[in-house]
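Please keep the sequence and the coordinates at hand while reading.

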Amino acid sequence: MTIFNKDFSCGINNLISNINYDKISIEDLQRQMEEIMTKQEIEKKYGSQIHQMPNGLWWMRLENGRVIKLTKRENIIKKLIELEKNEPTLLILWNDFFEHRKISKSGGTVRIDKRNFEKYILNSNIANMPISQVQLTHLEEWAKNIIENEDIKERRFDNIKGTLSKMFPYAIQLKIISVNPIESLNIHRDKFIPKIIKKERNA
C-alpha cells in the first residue's frame, strides 16, 4: 500500500467516523471529500516525480525548473495543490497579455488578437487549464474542434494560432513555463478548405 493510499484510507475512515457520531455537516463532508479526491488526482499526476534525498528531505522539480524541498512527502502534495489553485491559466493571463500587446503592437493587430481569443480560445478546452499543463495533445484537440466546426482555410487558422503563439512566449517571459508547446503543433494542409486558384485568362 502506498503512502497516499494510507492517507486516503485514513481520510475515508475519519469521515465515516464523523458521520456516525454526527460530528460533520453535509458541507464539511463535501469539502473534505473534494480535498481527498484532489490529493488523489495530484498523486496520480505527479507522484512518480517526487523523490526522497539521502538526508530524508523530499523534493520535486517543477516545469519552470524550480525545485521544491520539504521534510514530508505529504507536504509536497499540499504544495502542489496550492500551486495548481493559484497557477495562471490562459484565461487569467489574457488581460495582462492584452495590455502588453496594446503597448507593443498596432491597433489592428490587437483587435485581431482580441477577436481570435474571444471566438476560439475563451470557451475552448485549454482556456481554464493551468498553462504549464497544456500539452501538444490538448492543442491538437483545440485545433481539431476549430477545423471540424468551421469551414476554415489554412491561412485563417494560422492567424488564429498566431495569437496563442504569442501568448505562450509571454508566459515564458513571466517564468510560468519554460517551453512553448504550440511550436510542436502541425496540422496537415489537407485538413483545411483548399485554396481557390484563379485561372489566368487567355489573351
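The text below turns to a helix pair and then to a sheet with its covering helix. The model is a predicted one.

**The helix pair**

Two packed helices are described by the angle between their axes and the distance between the axes. For α6, which spans residues 136–149, and α7, which spans residues 154–173, the packing angle is about 150° and the axes lie 11 Å apart. Because angles over 145 degrees count as roughly antiparallel, α6 and α7 are roughly antiparallel to each other. The crossing of α6 and α7 is right-handed. On the α6 side the contact is made by L139, W142, A143 and I146, while α7 contributes F157, I160, K161, L164 and F168. Sorted by class, the contact of α6 with α7 comprises eight nonpolar residues, no polar residues and one charged residue.

**The sheet and its helix**

Strands of a sheet pair through backbone hydrogen bonds, either parallel or antiparallel. Here three strands form an open sheet in the order β1-β2-β3, and the pairing is antiparallel. The edge strands, each of which pairs on one side only, are β1 and β3. The residue ranges of the strands are listed here.

| Strand | Residues |
|---|---|
| β1 | 51–52 |
| β2 | 58–61 |
| β3 | 67–70 |

Between β2 and β3 the antiparallel pairing extends over four bridges, and W59 stands opposite K69 in β3. Helix α3, made up of residues 73–86, lies across β2 and β3 and runs at about 140° to β3.

Note on methods
Residues are numbered from 1 along each chain as its sequence is written. This is a predicted model: local features need pLDDT of at least 70, side-chain atom pairs count only at pLDDT 80 or more; totals for chains, interfaces and linings use all residues. Side-chain values use heavy atoms; hydrogens and water are left out. Axes are lines fitted to C-alpha atoms, for helices over the stretch in contact, and angles run from 0 to 180 degrees between N-to-C directions. Helices (H or I, at least four residues) and strands (E, at least two) are DSSP runs, numbered from the N terminus. Angles under 35 degrees count as roughly parallel, over 145 as roughly antiparallel, 65 to 115 as roughly perpendicular and the rest as oblique. A crossing is left-handed if the near helix is turned anticlockwise from the far one by less than a right angle, and right-handed if clockwise. Contact means heavy atoms within 4.5 Å. Ala, Val, Leu, Ile, Met, Phe, Trp, Tyr, Cys and Pro count as nonpolar, Asp, Glu, Lys and Arg as charged, and the others, Gly among them, as polar. Two strands pair if DSSP finds at least two bridges between them.
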